[in-house]
Amino acid sequence: MEFNCVSISLGSSTRDKFISFNIGDNVINICRMGFDGDLVIAKKMIEKLQDEEVDSIGLGGIDLLLFINNNYFVIKDAKILYDQSYRIPVVDGSITKRILEPIIVENLIKDGILKRDQKVLLVSSLDRFQTLLTFLNSGFNVLIGDLVFALKVDKILNNPKEIEEIAKILLSDVLNLPFNLIYPIGKEQEKDDEAILNIIKKYDFDVVFGDFHYIRKIQKLLKNKIVITNTLTDKNIEELKKIEVKFLISTGIYVEGRSFGANVTDSIFAAYCLKLKNKKISPFEPLDRQIYLEFVNEFLRIGELKGKVIIDIEKY
């Protein structure tokens with residue numbers, strides 16, 4: 001069976017990629033298209049895809065939903081894109097972030113790559129709240145970087161209760177802002193950010209976890225660090241080798257030297273549900289965790305995936 005998955009990204013078009021690979025008897029086609037932050041053109045492309053043989057759409061370079069425990073917040077610009085698809089299921093990576101990534105963290109702890117005496121910098125907890133709780137429940141000291149990376153405010157948080165309080169006060173207003181004001185999109189993804197760098201250099205950390213477009217802003221600080229991320233091109237991987245990161249671990253689909261974002265994993269899952277389970281999924285509906293775990297363990301066959309180690313400095 002063939003699965004046609006399209007990632008519509010507000011990120012840079014220089015990262016575009018088409019790839020086709022097999023999982024058992026199934027052919028997975030992934031087409032990643034970046035629109036350099038242009039919401040209007042991305043919207044038109046989603047409209048156009050409704051007449052094409054596409055099984056699922058992943059929204060990249062933008063989140064649709066941010067979860068805190070069982071509550072979610074909607075990002076206005078992403079909802080505009082989501083609403084353009086009347087036929088094809090649209091996902092944003094939030095399913096993978098809530099289920100698979102915490103499992104990967106647990107596996108890395110079991111494998112001894114992550115140790116409880118290490119200090120973790122989580123660049124954003126609002127899109128990875130379950131991962132934050134996994135680290136904290138496992139005894140890690142976590143630096144929560146939401147205010148620094150999204151708003152360039154010189155304040156690291158240490159407690160999820162602080163995030164919950166800030167979310168109650170600010171999040172509804174912040175998420176109605178144009179998304180480019182809180183997240184790097186288009187060519188901004190390729191730029192350094194001295195303000196963020198100067199704040200983070202004041203803190204000690206051993207592990208950094210989260211979206212690479214945030215992590216890239218502090219790339220100069222990553223020597224001998226463990227980097228757990230996704231959305232990596234071969235160029236990004238070579239740069240991190242030169243910096244001599246201790247480990248580079250991908251939480252996403254890793255094929256032919258390319259690590260894809262969580263939205264791509266979600267889009268393969270959406271196509272799997274549509275074609276093999278006769279079910280159209282939505283990030284807004286209650287999540288069937290068991291179906292997702294079946295997808296990961298039986299279909300993707302990455303039950304063995306404990307986080308794909310791309311770089312291990314001891315091997316270079």
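Colleague: At roughly what angle do the axes of α10 and helix α11 (residues 289-299) cross?
Modeller: Keep in mind that this is a predicted model. The axes of these two helices, α10 and α11, come within 11 Å. Angles of 65 to 115 degrees count as roughly perpendicular, and that makes α10 roughly perpendicular to α11. The crossing itself is at roughly 100°.

Colleague: How many residues of the contact of α10 with α11 are nonpolar?
Modeller: From α10 come Thr265, Ile268, Phe269, Tyr272, Cys273 and Leu276. Helix α11 brings Ile291, Tyr292, Glu294, Phe295 and Phe299. Sorted by type, there's 1 polar residue and 1 charged, and the nonpolar count is 9.

Colleague: And helix α3 (residues 94-110), at what angle does it pack with α10?
Modeller: Here the axes of α3 and α10 are 7 Å apart. The pair counts as roughly perpendicular, with an angle of about 95°.

Colleague: Which residues of α10 make the contact with α3?
Modeller: On the α3 side you'll find Ser94, Ile95, Thr96, Lys97 and Glu101. Taken together, the contact residues of the two helices divide into 3 nonpolar, 3 polar and 3 charged. Those from α10 are Ala262, Thr265, Asp266 and Phe269.

Colleague: Is α10 mostly covered or exposed, and how many of its residues are buried?
Modeller: Buried means under 20% relative accessible area. Among the α10 residues that pass are Thr265 and Phe269, both of which turn up in the contact with α3 and in the one with α11. So by that cut-off, α10 is mostly covered, and its buried count is 12 of 15.

Technical notes:
Residues numbered from 1 in each chain as written. Predicted model: local features only at pLDDT ≥ 70, side-chain atom pairs only at ≥ 80, totals over all residues. Heavy atoms only, no water. Axes fitted to C-alpha atoms, helices over the stretch in contact; angles between N-to-C directions. Helix = DSSP H or I, 4+ residues; strand = E, 2+ residues; numbered from the N terminus. Parallel < 35°, antiparallel > 145°, perpendicular 65-115°, else oblique. Contact = heavy atoms within 4.5 Å. Nonpolar A, V, L, I, M, F, W, Y, C, P; charged D, E, K, R; others polar. Buried < 20%, exposed > 50% of the residue type's maximum accessible area, 1.4 Å probe, protein only.
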